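Student: Could we go through one of the domain interfaces in this protein together? I'd like to take it question by question.

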Amino acid sequence: MTHVIATAGHVDHGKSTLVRALTGMEPDRLEEERRRGLTIELGFAWTTLPGGDRLAFVDVPGHERLVTTMLAGVGPAPAVLFVVAADQGWQRQSEEHLAVLDALGVRHGLLAVTRRDLAGDDLAELARDEALAHIAATSLGGVESVMVSGATGEGLDELRAALERLTASLPAPDLDADVRLWIDRIFTIRGRGTVVTGTLGAGTVNVGDRLAIGDDIVRVRGLQSLKEDHDGIGAVARVAVNLHGNVRRAGRGDALLTPGRWLTADLVDVRLRGEPAGDLPRELTLHAGTAAVPVHVRPLGADTARLALRRPLPLRVGDAALLRDPGAHRVPAGVTVLDVRPEPFRRRGAAAARARELASIGDRPDGAGELRRRGLITRAELVAMGVPAPSAPVAGDWLADPDHWEDLRKRLITAVEEHAAAHPTDPGLPADAARRALGLPDRALVEALADGLHQRDGRIYGRAVAPELPPPVQAAVDAVRRDLAAAPFQAPDAGRLAELGLTPKMLAAAAAAGALLKVGGGIVLLPGDDARAAALLGRLGGPFTLSEARRALGTTRRVAVPLLEHLDAAGYTTRVDDLRRRCTERTT
């Protein structure tokens, strides 16, 4: 099993010397670093612990001008080896590095008191005790400490044993998690192409996988961990990923992501750990993973704020990050991401209401609470936000808060009844009109809400499942019915219908109410008379022409043509050729 630990501590306190002594490898990659004896960039080295696990170090620079680089190394690492020199004790960058770790909420660490050979017992113990006191007041709490000298080798065996105890205490990574590999280095190898490196904190990467970087999709051509080739690598691990695809714009601070599983956010609501929101400078730098992005801070509550990012980042609810003031060389606050899709403030008082809402939200993702606040959201979006789905979808991929869903159903029933009251001749509310009335994003939600209501032809019916004809229209329809009762296939002509005041819309309402049968071409009959006509035609004993049908039914060509077409469509008759039809089995 592989573990990853980052170093931290003041400049020139022996971090790189200690890593070199533990691993036998040179963490300083640049010639300038080796010439000056000063770590400038992130360094990487590894060793095998006494129990057989492998341990990779991310060696960070200690100089105050290089804190951004230090943050890129510490950000994705799950644990830290904090280094304090026995002969110098606690220093300014010791304080800032510890503030970084505290702001990020790092909980696993180990103190190495280095350069033991340069200090007497009293001075070394004073440096250790002072460092432990500082560390105990942070998220790291009480940590184990080891006195060591990278130059003489004193204490190295004890340090290796302590590192093994530290790694054994780390939580097991989620190998099935969505991949988010923060890039800390990118370079090109002739004949292979682009390689990016980073600390894989969760998930698994395999050769052949397709991953997203920005708006582009790239393919994993090859994988290495600790300079060994692999077909697949699971967290936690230092990985080098050989990519095929467009990565020309990629760099430190970008991330390789499982496609379609992450949201990028340029506006986030956060909880602060540190200075009160109102005391923060309005312009700071957000450090998340290996990224450093300028942000504008809008205070909301005493410990909550809204951050507007200069560029979007793949963040999730529950992510830990920090705000840094680069000009003052200080970390005023750590942050926990509470929302990566906050609603914009569109009315007076919205910010204060949001502050009250954020005060009730915990630091851990809460699926039921998030669903209650949003009412409706797709499962895919909720999971991409970093929030577990609390229930099964109500329609398609849509999740709904139970109380909100019940309220929507009541509103739908009200809308259906109001439509029926306003349009008695057309009581069915169109599903799209219902969607607009309820402000729903998907018609499938309307259909799910209408379960138990009568639905027909894209319309939803309440108590009135058929049109209710106004008295004048009913009287006119009754007159037509009396005419047809005397002569079933002598349909009233346009003049007679106009005389009765029956417009096409009124006739459609009468047909929907079951009072009349529309057969096309402006022809109306009594309901059921199409079957009656088919029975009469069946008595002809074989194929028949239009003229034979007209005589058998005692009607005119004006009625016979659309009636026969209606009988064809209804399956009572079928054409034999251009001139003749015959009755089907449905008729016989």
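Student: Which residue forms a salt bridge with Arg180?

Tutor: Keep in mind that this is a predicted model, where local features need pLDDT of at least 70, side-chain atom pairs count only at pLDDT 80 or more, and totals for chains, interfaces and linings use all residues. Residues are numbered from 1 along each chain as its sequence is written, and side-chain values use heavy atoms, leaving out hydrogens and water. A salt bridge here is a side-chain nitrogen of Lys or Arg within 4 Å of a carboxyl oxygen of Asp or Glu. With its closest N and O atoms 2.8 Å apart, the partner of Arg180 is Asp319.

Student: Which domains hold those two residues?

Tutor: The bounds come from an automatic or database domain assignment. Domain 2 covers 180-257 and domain 3 covers 264-364. That puts Arg180 in domain 2 and Asp319 in domain 3.

Student: How many salt bridges are there between domain 2 and domain 3?

Tutor: The centres of the two domains, taken over C-alpha atoms, are 29 Å apart. Arg180 with Asp319 is a salt bridge, and the count between domain 2 and domain 3 is two.

Student: What area is buried between domain 2 and domain 3?

Tutor: Buried area means the accessible area (1.4 Å probe) that two parts lose on being put together, summed over both. Carbon and sulfur atoms give 58% of it here. On the domain 2 side, Arg180, Trp182 and Gly253 supply 70% of the area buried against domain 3, more than any other three residues. The total between the two domains is about 640 Å².
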